[in-house]
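Work through these exercises with the sequence and the model open. Try each task before you read its solution.

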Amino acid sequence: MLLVMDIGNSSIKVALYNGQDMAHYWRVSTNRNYSSDEYGTILDGMFRHAGHNPSMVEGVMVSSVVPTINFTIDHMCREYFGHEPLFVGPGIKTGINILYDNPRELGSDRICNAVAVHTHYGTPCIFIDFGTATSFGVVDSKGCFLGGCICPGMKLASEALVSGTSKLPNFELVMPDTVIAKTTVTNLQAGVLYGYVGQVNYIVERMKAELGEPNTQVVATGGLARLIATRTHVIDHLDGLLTLKGLRIIYEKNRGLA
């Protein structure tokens, strides 16, 4: 079985694949202070609770945007799963042409998302990842990753808004019914969330215009994707496991390196 890990700034998504089928999925908080034994103990317990033995793992594929814990994760995979992990990065085959000015600057999660939409949804396609940052990416009709844009994530923006002011209270990211809100909390919710709806609508429409492909599909992933998708007309598909799917596909293209 294949173990894939998507290491983000806030959480680590972990999945176990049996061939093309996902056997199980977990989420772990990203903690830069954890040791390899702490991560290993957590994952070992999750595996066994789900009825899986760590010895079933035959390979490990990792995407990470937190380079400071890569050594820890590498050591954990060797010690607890008996395999040296493959990291998405330079030298890894992806099956797509990356037309970024400097591909080494491109986040590995965005590479995985581009590979996954190319395989599962076809091209041209725009993907939006609602994580700590909200990132947009574009794959054209030839299967080339063209680039995109990155914005502050909704949670990050809301925290900055509250921490940078004296009187505004903390608030939950819940979509109010109206933009003309009548309490301070709902004013904050309306401003942040409807503001993101408008941002998504404009950026997607501008990307489609630049592509010259008005019928481009749009796929959204990430923890807060559903919240925005309920209020916008530009998102065609929700896929919370998009990055993990991309990791599995990339592993299959790089079996010889494992």
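**Exercise 1.** How many bridges join strand 2 to strand 3, and do the two run parallel or antiparallel?

*Solution.* Keep in mind that this is a predicted model. Start by finding strand 2 at residues 11-18. Eight bridges join strand 2 to strand 3, and the two strands run antiparallel. Now check one pair. Asn 18 has Asp 21 of strand 3 as its bridge partner.

**Exercise 2.** Work out the strand order of the open sheet and name its edge strands.

*Solution.* Begin with strand 1, residues 2-7. Strand 1 is joined to strand 4 by six bridges, and these two run parallel. Next, go from strand 4 to strand 5, residues 86-87. Two bridges link them, again in the parallel sense. Here Met 61 has Leu 86 of strand 5 as its partner. Put together, five strands give the order 3-2-1-4-5, with mixed pairing. The edges are strand 3 (21-29) and strand 5, since each pairs on one side only.

**Exercise 3.** Describe the unit that strand 4, helix 2 and strand 5 make, then place the helix.

*Solution.* Locate helix 2 at residues 70-81. With strand 4 and strand 5, helix 2 makes a right-handed β-α-β unit. Then look at what helix 2 lies across: strand 1, strand 4 and strand 5. Helix 2 runs at about 160° to strand 1.

**Exercise 4.** Why is strand 4 described as largely enclosed?

*Solution.* First, recall a rule. In a regular strand, side chains alternate between the two faces of the sheet. Now sort the residues by side. Gly 59, Met 61 and Ser 63 are on one side, and all are buried. Val 60, Val 62 and Ser 64 are on the other, and they are buried too. Both faces are therefore covered, and with six of six residues buried, strand 4 is largely enclosed by the rest of the structure.

**Exercise 5.** Which elements give two or more residues to the largest nonpolar core, and which gives the most?

*Solution.* The largest nonpolar core has 31 residues. Among those with the most contacts inside it are Ile 128, Phe 130 and Val 200. The elements giving two or more residues are strand 7 (125-130), strand 8 (133-139), helix 4 (154-163), helix 5 (184-211), strand 10 (217-221) and helix 6 (225-229). Helix 5 gives the most, with eleven residues. Finally, note a second, separate core of 28 residues, which includes Leu 2, Val 88, Ala 114 and Leu 244.

Terms used. Residues are numbered from 1 along each chain as its sequence is written. This is a predicted model: local features need pLDDT of at least 70, side-chain atom pairs count only at pLDDT 80 or more; totals for chains, interfaces and linings use all residues. Side-chain values use heavy atoms; hydrogens and water are left out. A nonpolar core is a set of buried Ala, Val, Leu, Ile, Met, Phe, Trp, Tyr and Cys residues joined through side-chain atoms within 4.5 Å. Buried means under 20% relative accessible area, exposed over 50%, partly exposed in between (1.4 Å probe, protein chains only). Helices (H or I, at least four residues) and strands (E, at least two) are DSSP runs, numbered from the N terminus. Two strands pair if DSSP finds at least two bridges between them. A crossover is right-handed if, with the strands pointing away from the viewer, the path from the first strand over the helix to the second runs clockwise. Contact means heavy atoms within 4.5 Å. Axes are lines fitted to C-alpha atoms, for helices over the stretch in contact, and angles run from 0 to 180 degrees between N-to-C directions.
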